Amino acid sequence: MKLKIAIQKSGRLHDDSIKLLKECGIDINNGVNKLKTEAANFPLEVFFLRDDDIPQYIEDGVADIGIVGENVVLEKQKQVNIVQKLGFGKCRLSMAVEKSVDYTSVKDLQNKRIATSYPVIVEEFLQQHGIKAEIHEISGSVEIAPGIGLADAICDLVSSGSTLFMNGLKEVETVLKSEAVLAACHNLQPEQQLLLDKLLFRIQAVRKAKNNKYILLNAPNDKLNEIIGLLPGMKSPTVLPLAESGWSSVHAVLNENDFWDIIESLKAAGAEGILVVPIEKMVI
Ligand code: ATP
Ligand code: ZN
């Protein structure tokens, strides 16, 4: 019995999807032009598909799970469970208008023509705001629509905003924030559910490790209590005596979010020789 996973064949999510599986210790040989492959050391079969098709494959149970943008899951309206956010493929679905347009609020979209590849999500957004507008569904190069007179506004995926800028557009509303997610079929067999749980356990260990750093520092013993007080730990920091008397080595795990603040306070409290090391996996 194998777990079948669908990932993007090529495009923005492909490399990170493969990388995530590798970080989970799963070896897949990723031959170009292959439609599917099998992992050597995990009961996993990998299908390479267009991202737009992945929700349907999961709903039908052709694939048990898949890695796809949340934006695609929401747009396709298929019956799938989002089981884990994956932290890559981050982008937003935004409304944009030509730079010269005087835009103050969402009301300015009333009775306008909006070009998008995401008609379902856009329709829902407009309804929520009580706006009526004409949605033009187009499948690619949405950003040129205002320039050629096809639409007054567009709703498209943005990450840095440089594509919009280059096309003389400005971002005016964020409709949705998205990232890659692991989606799963509603009715998995018990064996497949067990395999999914095993994979999820690994993914979570990899993701936690990415958000944390291992820190080692030297502390004069008379400052030890103060320094330990600054450190959160998985349990509490590890404290080891140094060869030089009066000094200790302190080891702890720090979260990326409050990392720099804590490092500054540690230094101010007398810590020396601070080393920061990446963590590969973290199981807690
Ligand atoms: P496919 O050939 O598989 O249909 P595609 O051209 O539809 O590919 P990509 O452009 O590769 O799709 O984007 C895949 C996903 O990457 C998007 O659905 C979105 O979730 C995410 N993404 C992240 N940043 C961006 C961005 N700046 N523009 C578009 N998509 C982005
Ligand atoms: Zn696509």
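This is a short tour of the structure, stop by stop, with something to select at each one.

**Before you start**

The model is predicted: local features need pLDDT of at least 70, side-chain atom pairs count only at pLDDT 80 or more, and totals for chains, interfaces and linings use all residues. Residues are numbered from 1 along each chain as its sequence is written, chains are lettered from A and ligands numbered from 1 in the order in which they are written, and side-chain values use heavy atoms, with hydrogens and water left out.

**Stop 1: the domains**

Colour the chain by domain. Domain 1 covers 3–89 + 179–209. Domain 2 spans 91–178, and domain 3 runs over 212–278. These bounds come from an automatic or database domain assignment. Now look at domain 1 and domain 3 together. Their C-alpha centres lie 38 Å apart.

**Stop 2: the zinc ion**

Select ligand 2, the zinc ion. Asp51 (OD) and Asp52 (OD) coordinate this ion, at 1.9 to 2.1 Å. Donors here are N, O and S atoms within 2.8 Å of the metal (3.2 Å for Na, K and Ca); water is not among the atoms, so sites may look incomplete. The angles subtended by the four donor atoms run from 73 to 175°, which makes the arrangement irregular. For four donors, tetrahedral needs all angles between 85 and 135 degrees. Four count as square planar and six as octahedral if opposite donors are over 155 degrees apart and all others between 65 and 115; anything else is irregular.

**Stop 3**

Helices (H or I, at least four residues) and strands (E, at least two) are DSSP runs, numbered from the N terminus. Is Asp51 buried or exposed? Its relative accessibility is 19%, so Asp51 counts as buried. The cut-offs are under 20% relative accessible area for buried, over 50% for exposed, and partly exposed in between (1.4 Å probe, protein chains only).

Asp51 has no salt bridge. A salt bridge is a side-chain nitrogen of Lys or Arg within 4 Å of a carboxyl oxygen of Asp or Glu. The nearest side chain of opposite charge to Asp51 is Arg50, 5.0 Å away. For charge, Lys and Arg count as positive and Asp and Glu as negative; His and the chain ends are not counted. Show the contacts of Asp51 next, meaning heavy atoms within 4.5 Å. Not counting residues up to four places away in sequence, Asp51 touches Gln8, Val68 and Val72.

**Stop 4: salt bridges**

Start with Arg50 and Asp52. Their side chains meet in a salt bridge at 3.3 Å, N to O. Arg50 is exposed, with a relative accessible area of 59%. Asp52 is partly exposed, at 28%.

How many salt bridges are there by this rule? The count comes to nine.

Now select Lys210 and Glu23. The closest N and O atoms of this salt bridge are 3.0 Å apart. The pair links distant parts of the chain: Lys210 is in helix α6 (residues 190–210) and Glu23 in helix α1 (residues 14–23), 187 residues apart. Lys210 counts as partly exposed at 42% relative accessibility. Glu23 is also partly exposed, at 21%.

Move to Asp152 and Arg113. They form a salt bridge too, with the closest N and O atoms 3.1 Å apart. This pair also links distant parts of the chain, 39 residues apart. Asp152 lies in the loop between β8 (134–137) and β9 (153–158), while Arg113 is in strand β7 (residues 113–116).

**Stop 5: two positive phi angles**

Select Asn111. Its phi is positive, about 60°, although Asn111 is not a glycine. Look for this residue in the loop between β6 (91–98) and β7. Asn111 counts as exposed, at 62% relative accessibility.

Then pick Ser141, in the loop between β8 and β9. Ser141 has a positive phi of about 45°, and is not a glycine either. Ser141 counts as partly exposed at 45% relative accessibility.

**Stop 6**

Select Glu38 in strand β2 (residues 36–38). Leaving out residues up to four places away in sequence, Glu38 touches Lys2, Asp27, Leu44 and Glu45.

Finish at Ile82 in strand β5 (residues 80–85). Beyond its neighbours within four places in sequence, Ile82 is in contact with Glu70, Val73, Val181, Leu182 and Ala183. Ile82 counts as partly exposed at 38% relative accessibility.
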